Amino acid sequence: KNSSFFIFGQRGVGKSSFLRSTFSESQSLTLNLLDSRLFLQLSKEPWKLREVVAGRKAEQSLVIIDEVQKIPELLDEVHLLIEEQKINFGLTGSSSRKLKKKGANLLAGRALNFRLYPLTHTELGDDFSLKNILQWGALPKTITEKDESLKEEYLYSYVSTYLKEEILQEQTVRDIEPFSRFLEVSAQTNGDIVSYENLAKDIKITGPSVKNYFQILEDTLLGFYLQPYHTSLRKRHRSAPKFYFYDLGIVRTLQNTIRQTPVEGTYEYGMLFESFLINEIIRLNEYYRKRFSFSYLRFSNDKEIDLIIERPGKSTLLIEIKSREEIDERHTATLESCLSDFPGSEAILVSRTSLASKIGKVLVLPWKEGIQQIFE
């Protein structure tokens with residue numbers, strides 16, 4: 001509350017709502033660049049921000065600018081006002097792409113940087129339902145809306161709005177049709193190792209175009225790469241990463257499976273559960289400001305460690321994720337065999353089991369306890 005800050009996050013995660021609940025109208029002046037009149041005025045003459053700010057009430061100690069990426073030039077004015085008048089700004093954005101492309105002033109050292117994600121199980125508390133999260137995702141609107149037909153309409157409109165606003169308006173791609181096909185195919189491979197060439201053949205475009213499309217998803221905060229583990233950073237980025245969407249509701253809408261309830265014991269259920277847990281850990285790492293590093297490891301025999309967490313000053317964690325309720329030695333074998341290659345590391349299998357146990361050297365935990373163990 002005593003400094004300037006950015007809050008980045010995909011559309012619909014609640015950036016504006018969070019700021020409204022934290023700063024009252026009497027405490028802050030809010031400028032929403034989705035307001036077409038304000039957008040036109042400031043996009044033509046960014047310097048007019050100084051006049052608008054000068055006209056605020058004396059008790060409004062914070063100036064909030066929503067969707068700042070729409071006018072990157074405003075950040076030079078923000079910089080000036082921070083330096084000369086010591087005014088604090090709260091800046092939100094749902095895309096870093098336009099800011100990067102325009103070489104925008106990101107206020108290095110003058111504004112704190114935060115991310116907001118779909119809701120976590122810790123935020124939802126007693127309202128958390130694994131079944132609902134795996135089917136509908138965790139965007140606030142899909143949590144608060146009880147009518148399933150309206151949840152579905154919201155998610156389909158979200159996807160079409162994203163295509164219209166984030167892609168067409170920012171002129172990110174020349175032809176929307178192949179990008180639309182890419183969205184569907186990329187959702188089908190959520191959590192899989194990315195093969196640009198294979199996806200390019202499916203969509204009938206080039207490999208570099210597919211790579212650029214994934215970059216668009218990352219820049220517009222819809223998803224993230226999970227890099228393969230290697231002690232050499234140079235080699236880490238030469239191997240193929242996985243790509244995860246931040247919200248399962250978006251994934252299942254793009255897959256056109258949103259009406260179907262995920263069935264326990266199926267491959268789809270297992271992939272959704274894995275994606276859910278990896279997302280929870282990524283989100284809580286940001287919120288707890290831990291700055292852990294994440295990767296995965298795939299062996300030549302296709303065995304895999306789902307998540308490797310490197311924790312500064314603490315042991316490295318090898319994480320296996322299973323959606324099963326019953327766990328035995330078959331499920332811990334890969335972790336057990338890998339421990340000798342990671343001296344000083346710990347192995348944890350997290351699942352839907354109800355009781356904590358230890359099989360060999362592998363700690364088996366209910367998934368909520370497993371998350372607590374990671375962030376102890």
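User: How many helices and strands does the secondary structure of the protein come to?

Analyst: Helices (H or I, at least four residues) and strands (E, at least two) are DSSP runs, numbered from the N terminus. Here the protein has 17 helices and 13 strands. This is a predicted model, in which local features need pLDDT of at least 70 and side-chain atom pairs count only at pLDDT 80 or more, while totals for chains, interfaces and linings use all residues. Residues are numbered from 1 along each chain as its sequence is written, and side-chain values use heavy atoms, with hydrogens and water left out.

User: What share of the residues count as buried?

Analyst: Buried means under 20% relative accessible area, exposed over 50%, and partly exposed in between (1.4 Å probe, protein chains only). In this protein, 53% of the 376 residues count as buried.

User: How should I read the contacts by sequence separation?

Analyst: A contact means heavy atoms within 4.5 Å. Among contacts between residues at least 6 apart in sequence, 67% join residues at least 24 apart.

User: Which residues of the largest nonpolar core touch the most other members?

Analyst: In soluble globular proteins, nonpolar side chains tend to be buried together. A nonpolar core is a set of buried Ala, Val, Leu, Ile, Met, Phe, Trp, Tyr and Cys residues joined through side-chain atoms within 4.5 Å. The largest one here has 39 residues, and Phe179, Phe182, Val210, Phe214, Leu217 and Phe245 touch the most other members. Elements that each supply at least two residues of this core include β1 (4–8), β3 (62–66), α10 (176–188) and α12 (207–219). Helix α9 gives the most, with 6 residues. A second, separate core of 37 residues includes Leu317, Ile319, Val350 and Trp367.

User: Where is Ser351 found, and is Ser351 buried or exposed?

Analyst: Ser351 is in strand β11 (residues 346–351). Its relative accessible area is 0%, so Ser351 is buried. Leaving aside neighbours within four places in sequence, Ser351 is in contact with Phe273, Lys322, Arg324, Ile327, Leu365, Pro366 and Trp367.

User: Which residues have a positive phi near 65°?

Analyst: Most residues other than glycine have a negative phi. Lys204 has a phi near 65°, a positive value in a residue other than glycine, and Leu221 also has a phi near 65°. Lys204 lies in the loop between α11 and α12, and Leu221 in the loop between α12 and β6 (223–226). Lys204 counts as exposed because its relative accessibility is 71%. Leu221, at 6%, counts as buried.

User: Is Gln215 buried or exposed, or partly exposed?

Analyst: Gln215 is in helix α12. Its relative accessibility is 28%, so Gln215 counts as partly exposed. Gln215 and Ser186 are 29 residues apart in sequence and 12 Å apart in space, C-alpha to C-alpha.
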